[in-house]
Amino acid sequence: MSSSRACPNCGAQLRAIAKYCDECGAPIEGEPTSQPVGKMTKQEVEIILRMREEKDNLFKYHPQSPIPQDAKEAFEGLKYLPVNPSYRFLCKLNRYPNPATIGMMTSTGQERNYLKVGFVRFTIGGKPQTLQTFKAIQTSQQEGEKEQLFIPFRDATSGKESYAAARYLDSEELKDDIFLVDFNSAYNPYCAYSDDYSCPFPPQDNWLEIEVRAGEKKLRDQSQEATS
Ligand SMILES: [Zn+2]
């Protein structure tokens with residue numbers, strides 16, 4: 001029995017009051033949490049709605065759509081929770097000085113390696129939350145290209161309103177380690193639509209206990225499942 005904590009980056013045991021991991025130097029706590037941006041402009045909301053529309057068109061008509069061929073005819077678009085500014089944050093990325101490589105299990109039972117880049121902190125419903133952020137090992141960043149983080153997560157809606165296994169967020173750097181973390185853009189992995197895809201599942205660090213009532217919902221609701 002132990003009340004000790006482990007470093008989220010390297011797994012080393014932490015001293016009780018540690019703000020940094022002795023082993024790898026990772027920042028641990030005391031980092032400020034971001035509050036929601038509070039409100040979104042009409043234009044910001046429209047951009048999200050337009051992107052959803054374009055994605056629906058791609059999914060219905062594009063040959064590389066993840067929607068199985070025999071389901072395309074009946075496909076009426078993806079389902080979303082209403083756009084909500086309380087789930088939109090500007091977060092400082094707390095970088096790990098020596099990012100660990102971790103294997104994420106995939107929907108087809110394989111393991112895929114990611115670099116654990118750091119963590120972001122934000123507040124939902126007054127409660128501080130932490131998510132670990134990742135990068136695929138294979139991708140190389142071009143000179144001058146903005147950094148992109150991959151943030152797979154689960155929350156209390158997973159398996160109810162939203163897809164059980166995971167939702168994903170791609171977060172782009174705005175400037176100087178400040179990233180837009182907008183759960184209104186949370187989307188389902190392709191394995192939500194078809195078994196043909198192998199999609200990584202979020203590590204347990206990224207299972208949030210609170211509800212994230214924004215972003216993509218399950219494609220099928222209960223009533224549709226009952227008739228299929
Ligand atoms: Zn560590």
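**Close-up views of a predicted model**

**Figure 1. The largest nonpolar core of the predicted model**. This core comprises 32 residues, and those with the most contacts inside it are Cys91, Val120, Phe122, Leu169, Val181, Phe183 and Ala186. A nonpolar core is a set of buried Ala, Val, Leu, Ile, Met, Phe, Trp, Tyr and Cys residues joined through C-beta atoms within 7 Å; a residue is buried if 20 or more other C-beta atoms lie within 10 Å of its own, exposed if 12 or fewer, and partly exposed in between, with C-beta atoms placed from the backbone. Two or more residues each come from β1 (88–92), β4 (111–124), β5 (127–136), β6 (148–153), β7 (167–175) and β8 (178–182). The largest contribution, 6 residues, is that of β4. Because domain 1 (1–30) and domain 2 (42–227) both supply residues, the core lies between them. Strands (E, at least two residues) and helices (H or I, at least four) are DSSP runs numbered from the N terminus. Residues are numbered from 1 along each chain as its sequence is written. As the model is predicted, local features need pLDDT of at least 70 and side-chain atom pairs count only at pLDDT 80 or more, whereas totals for chains, interfaces and linings use all residues.

**Figure 2. Surroundings of Phe122**. Apart from neighbours within four places in sequence, Phe122 is in contact with Thr33, Ser34, Phe89, Cys91, Gln129 and Val181. Contact requires that the C-beta atoms of two residues, placed from the backbone, lie within 7 Å. Phe122, Cys91 and Val181 are among the residues with the most contacts inside the core.

**Figure 3. The side of domain 1 that touches domain 2**. The bounds come from an automatic or database domain assignment. In this view, 7 residues of domain 1 are in contact with 9 residues of domain 2. The domain 1 side has 5 nonpolar, 2 polar and no charged residues. Here Ala, Val, Leu, Ile, Met, Phe, Trp, Tyr, Cys and Pro count as nonpolar, Asp, Glu, Lys and Arg as charged, and the others, Gly among them, as polar. The centres of the two domains, taken over C-alpha atoms, are 27 Å apart.

**Figure 4. Gly25 and its contacts**. Gly25 lies in the segment before α1 (42–61). Gly25 counts as partly exposed because it has 13 C-beta neighbours inside 10 Å. Not counting residues up to four places away in sequence, Gly25 touches Tyr20, Pro97 and Asn98. Between Gly25 and Asn98 the C-alpha to C-alpha distance is 7.8 Å, although 73 residues separate them in sequence.
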